[in-house]
Amino acid sequence: VELTDVFNSELNGKALAPATISAYAEYPKGSSKYWAYPLEGDADGWAYRKDLFEDPKEMEAFKAKYNRDLKIPETWMELKDIAEFFTRPDKNLYGLGIYTQKDYDAITMGYENVLFSWGADWGTPDYKVQGVLNSKEAVEALEFYKELYKYVPPGSSNDFFQEVNNKFTAGQIAMGMNYFAFFPALANSSSNPYADKTGYFANPKGPSGKSFAALGGQGISVLSYVSDDRKKASMDFLKWLASDDVQKKWAQLGGYTCNNAVLQSQEFLKATPYNQAFADTMQKVKDFWAVPVYSEMLQVSQANLHNFVVADQGTAQAALDDMATKHEDILKKAGLLK
């Protein structure tokens, strides 16, 4: 059921972080037509070992090598340097964990963190892909993501959220890319021996000066094919859920709200060690193609990205050229690209 008429009024849409409205509610993108309420915000961020970053000897050695302080990276290049610095195979310590898994959407989500931050994109709002996905910036971003793969532990060729968390809690990595939905396990001392030494940060900036994060989470919608009574009950629930007070309570219970006032409140920011990074991230979320044929497009990106980054086949340009051609074919067959 289209929610446009009630989105800003009865569904309190004006209270939401703008990026989450586009990410979870709007279709087609840029149309100002809304079909969902942003229920569970989520995106990629980072966990890091504060004890390593704040160790005086490590800080001294890092500054001697890179001529700057060892701290949370502000740019992706700084993050790569930190990953390189902490990669010590003889000590079973590596710089980072990233998404590499070929199944579903893992490596695609990992790559788009840098794709967007390099100023590139999957395509244009009118579904053109050629010259966009295989642009110079997109190629550089993919080459960079493969560079990061140099600093992962052995056996990281098929990693997603669980594998990254496992390597973090095993003390194998200094930094771990993951969705915020999986950080509670790292903040819990029963599942992470480094819990009290774990910090969190949002994605850094790319060469474009921009920073984005791969979207996770869910919107919630009203189904059009149920009875009118159930539609009304669903709408009543959404109106209740979207209110400021309920969103505040939702956050207190551990829900990932997209309500800006709650996100910016001191109570929320201090509630968990990762909430500040989450609040920062919800301002810069972007997604893969939000179209009915997204799954077909994912299969193409997953195969090409994995072949280049993990299997070391071909070039970044060739991988993205193939993706661009096949993505446009899928969009044409779907009637989206004219």
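First a term I need: buried area is the accessible area (1.4 Å probe) that two parts lose on being put together, summed over both.

Ground rules next. I am looking at a predicted model, where local features need pLDDT of at least 70 and side-chain atom pairs count only at pLDDT 80 or more, while totals for chains, interfaces and linings use all residues. Residues are numbered from 1 along each chain as its sequence is written, and side-chain values use heavy atoms, with hydrogens and water left out.

**Entry 1: where they touch.** Five residues of domain 1 contact nine residues of domain 2, contact meaning heavy atoms within 4.5 Å. About 510 Å² is buried between domain 1 and domain 2, with carbon and sulfur atoms giving 63% of that. On the domain 1 side, Y27, Y256 and P273 lose the most area to domain 2, together 79% of what that side buries.

I checked for salt bridges (a side-chain nitrogen of Lys or Arg within 4 Å of a carboxyl oxygen of Asp or Glu) and found zero between domain 1 and domain 2.

**Entry 2: the loops.** The peptide bond from Y27 to P28 is cis, with omega near -10 degrees. P28 sits in the loop between α2 (18–25) and β1 (37–40). Helices (H or I, at least four residues) and strands (E, at least two) are DSSP runs, numbered from the N terminus. N12 isn't a glycine, yet its phi is positive, about 60 degrees. I found N12 in the loop between α1 (4–7) and α2.

**Entry 3: side-chain pairs.** The structure has 17 salt bridges. In one of them, E147 meets K80 at 3.9 Å, N to O. E147 is in helix α7 (residues 136–148) and K80 in helix α5, so this pair links parts of the chain 67 residues apart.

I also counted 28 aromatic pairs. Rings of Phe, Tyr and Trp (its six-membered ring) pair if their centres lie within 6.5 Å; planes under 30 degrees apart count as stacked, over 60 as edge-to-face and the rest as tilted. F53 and F86 are stacked, because their ring centres are 5.8 Å apart and their planes are at 25 degrees.
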